[in-house]
Amino acid sequence: MEAEIISVGTEIILGQIVNTNAPFLAQQLGKIDVTATRQVTVPDELDLLEEAVRSAWQRADLVFVCGGLGPTADDVTIRGVADALGVELTRDEDHWAWIQETFKQRQKPMMPENVQQAMYLSGGTPLANPVGLALGSWYERDNRRLIVLPGPPREFTAMVNQEVLPRLTKLVGGERQIVSRTLNFFGRPESLLMDEIAEVTEGLDQVVITSYVQPDAIQVRMTVHDLPEETATTLLDRAQAAIVAKEDPYFFGVGDDCSLAATVVGLLKKRHLKLTAAESLTGGMFQSTICSVPGASNVFDGGFVTYAASAKEGLLGIDPQLIDRYGVVSSQTAAQMAEKSRQRLGVAIGIGFTGVAGPDSLEGQPAGTVWVGLAIQGQPTVTRQLHLGAYVGRQQIRRQSVQHGLQMIYHALQK
């Protein structure tokens, strides 16, 4: 099955926003053995949209049209797709009633154009939007399928995961037997990781292994086609065992939705442990990442953001002479931040982040120099120095620092 993705939006054409939907969708389709052979972007213009839809409908088994389902005058997608296919639009009365009630509850005026958010392609099926107002559409004809989805990434992602992929997986599964598994890694360059994986899985030719770089991880997907499920599972188990044995320092879990933060929170809950943090260059990003995980309140009561040396001294009680002697960007300061934060909150684990996010250097240390300290009750405090490189940029330095800190906690909890 081959797919085409049509992204709609003048703001994408002009470079005003980055199109994250198309690469996300292409990756998800690849996991079920559907290839997005062509991706195009068109502005919010009816004639160009209709031309793109007609052309794709003639070629592809599966066509996605993404974006332009809002209530404004330039949101022409559902009307343009209907015209291109020669079908009418149908209003979902239950959804329209829900939209009206939503505006009433929010005490906001509703424009007549909002009705188009309740429209779907006649003869097709409306797709529920769990986090937004606009319906999607699933349309089938002549053994071809066209799917219309809204553009906001939060809505788009939710609908792909909850509405589209389950239908496509069932559809594709009826044609081919596909068994797959996703392994998650952090801290290893993708090329080196995949070279080493190729070496240790030599001989397992029936396992297709691909990699996907995510913001905070590298996902390695193992897939077996057209074999009985039991046989496929055995092959995946063998491949996973070989890969994890080689890449154990960088491996942190299995599953498409696995994250280091969620894994660490899960381990802390299982062990009935709490943690805290003292952050300098990360400015609360570690604590925010922990709190983004459901159930974080079971393992996290609070923490510290101590950006200046005076805050480290006043809030944490770090000896000014230690900072004067070693500097804020040092193993000693990171260790004290971890230890003092743990002691002040009375929890089992404390972690400290100090370093240079850039772009300027600090204390003679270049941007990307980071120290992370980890203090665990009853164990010696450990520190780790990171050299993340100024070229990755300030925000990425901060983000990678958080992930390395999570990785340190993860490995400590494995002992």
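**Reading a predicted fold**

Q: Leaving aside neighbours within four places in sequence, which residues is Glu163 in contact with?

A: Contact means heavy atoms within 4.5 Å. By that rule Glu163 touches Leu127, Ala128 and Ala158, once its neighbours within four places in sequence are set aside. Residues are numbered from 1 along each chain as its sequence is written. The model is predicted, so local features need pLDDT of at least 70 and side-chain atom pairs count only at pLDDT 80 or more, while totals for chains, interfaces and linings use all residues, and side-chain values use heavy atoms, with hydrogens and water left out.

Q: Where is Glu163 found, and is Glu163 buried or exposed?

A: Helices (H or I, at least four residues) and strands (E, at least two) are DSSP runs, numbered from the N terminus. Glu163 is found in helix α6, residues 153-173. Buried means under 20% relative accessible area, exposed over 50%, partly exposed in between (1.4 Å probe, protein chains only). Glu163 has 16% relative accessibility, so it counts as buried.

Q: What are the totals for the protein chain?

A: The protein chain has 14 helices and 17 strands. Its C-alpha trace spans about 75 × 60 × 40 Å along the principal axes. Of its 415 residues, 50% count as buried. Take contacts between residues at least 6 apart in sequence: 67% of them join residues at least 24 apart.

Q: In what order do the six strands of the open sheet stand?

A: Strands of a sheet pair through backbone hydrogen bonds, either parallel or antiparallel. Two strands pair if DSSP finds at least two bridges between them. Here the order is β2-β1-β3-β8-β7-β6, with mixed pairing. β2 and β6 (125-127) stand at the edges with a single partner strand each, so one side of each has no neighbour in the sheet. Neighbouring strands are turned by 20 degrees against each other on average, direction ignored. Axes are lines fitted to C-alpha atoms, for helices over the stretch in contact, and angles run from 0 to 180 degrees between N-to-C directions.

Q: In which sense do β3 and β8 pair, and what lies across β8?

A: β3 and β8 pair in the parallel sense, over five bridges. In this part of the sheet, Phe64 stands opposite Ile147 of β8. Helix α4 lies across β1, β3, β7 and β8. The angle between α4 and β8 is about 165 degrees.

Q: How many residues does helix α3 have, and what should they span?

A: The expected span of a helix is 1.5 Å times one less than its number of residues. Helix α3 (residues 46-59) has 14 residues, which should span 20 Å; its end C-alpha atoms are 20 Å apart, which agrees.

Q: Which residues of α3 are buried, and which are exposed on the other side?

A: Leu49, Glu50, Ala52, Val53, Ala56 and Trp57 are the buried residues of α3. They fall within an arc of 160 degrees seen down the helix axis, so they line one face of α3. That arc is taken over the directions from the helix axis to the C-beta atoms. Asp47, Glu51 and Gln58 are exposed on the other side. The buried residues of α3 pack against β1 (2-8), β2 (35-42), β3 (62-66), α4 (77-85), β7 (136-141) and β8 (144-149).

Q: What is the pairing in the open sheet of four strands?

A: The pairing is antiparallel, in the order β10-β11-β9-β12. β10 (208-214) and β12 (251-254) are the edge strands, each with a single partner, so one side of each is left without a neighbour in the sheet. Neighbouring strands here are turned by 25 degrees against each other on average, direction ignored. Seven bridges join β10 to β11 (residues 217-225). Ser211 stands opposite Val220 in β11. Helix α2 (residues 21-31) packs on this sheet, touching β9 (178-185), β10 and β11. The direction of α2 makes about 160 degrees with that of β10.

Q: Which residue has a positive phi of about 60 degrees although it is not a glycine?

A: Asn143 has that phi. Asn143 is found in the loop between β7 and β8. Its relative accessible area is 62%, so Asn143 is exposed. Glu363 also has a positive phi, of about 55 degrees, and is not a glycine. Glu363 counts as partly exposed, at 43% relative accessibility.

Q: Where is the place of Pro359?

A: Pro359 is in the loop between β15 (349-355) and β16 (369-376). Glu363 lies in the loop between β15 and β16 as well. The peptide bond from Gly358 to Pro359 is cis, with omega near 5 degrees.
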